[in-house]
Amino acid sequence: MTTPASSWPPPVEPTGPAPGVQFAGHGARLGAYILDAILVGFAATVAFVVLVIVLFGSLDLAIDANGEVVVGDSGAAAASVGLFIAGSIVITILVLLYFPFFWARGGATPGMRVAGIRVVNDRDGSPIGWGAALLRLVGLWVSGAVFYIGFVWILVDSRRRGWHDLIAGTCVISTR
């Protein structure tokens, strides 16, 4: 006699990436992300303020008899605006590459190092490369785009993976 197909047990999902290795805790992941967001935000703000100071420092500004600010005709205004746009693009690229750069170089951003966690390949625990790091960055945007459900998924997944981890084939482990 055969058993009906409805009684077939589902496959058991492994509980860890390897013996003795633990998945990163929810608090450590959140704390690392918050610290990284503060670092990136601070660095971008400082760079932007420097750009604005350079912009206004290179303009030929004067105040006329009516108390109005007048920009000189030296061509510095156009050059400063070009510098501002180019600088803004560079700052944006650096901000976008912050996470993938650190994930691909050592598996951990500065915030993740402080929290004692790192991102690894989900299949074998090996370091991830640039492809997986960039895919994980896209996954971060996807995770947040749908009412942050991709991040909430970390709370319900048995291996504590968010959508960004599932998209890139990664998981986050504790190094402590």
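## Basis

The model is predicted: local features need pLDDT of at least 70, side-chain atom pairs count only at pLDDT 80 or more, and totals for chains, interfaces and linings use all residues. Residues are numbered from 1 along each chain as its sequence is written, and side-chain values use heavy atoms, with hydrogens and water left out.

## Largest pocket

The largest pocket holds about 400 Å³ of space. A pocket is an open set of points on a 1 Å grid over the protein atoms alone, where a 1.4 Å probe fits, with protein on both sides within 12 Å along at least five of seven lines. Its volume is the space filled by probe spheres set on the points, which are joined across faces, edges and corners.

The lining has 18 residues (each with an atom within 4 Å of a point). Closest to the centre are Arg 29, Leu 30, Tyr 33, Phe 151 and Ile 154. Helix 1 (26-58), helix 2 (76-106), helix 4 (130-145) and helix 5 (149-156) each give two or more residues. Helices are DSSP runs (H or I, at least four residues), numbered from the N terminus. Helix 1 supplies the largest share, six residues.

Most residues other than glycine have a negative phi. Phe 147 has a positive phi of about 55°. For Tyr 148, phi is positive too, near 60°.

Phe 147 counts as exposed, at 73% relative accessibility (exposed means over 50%, with a 1.4 Å probe and protein chains only). Tyr 148 is exposed at 54%.

Technical notes:
Buried means under 20% relative accessible area, exposed over 50%, partly exposed in between (1.4 Å probe, protein chains only).
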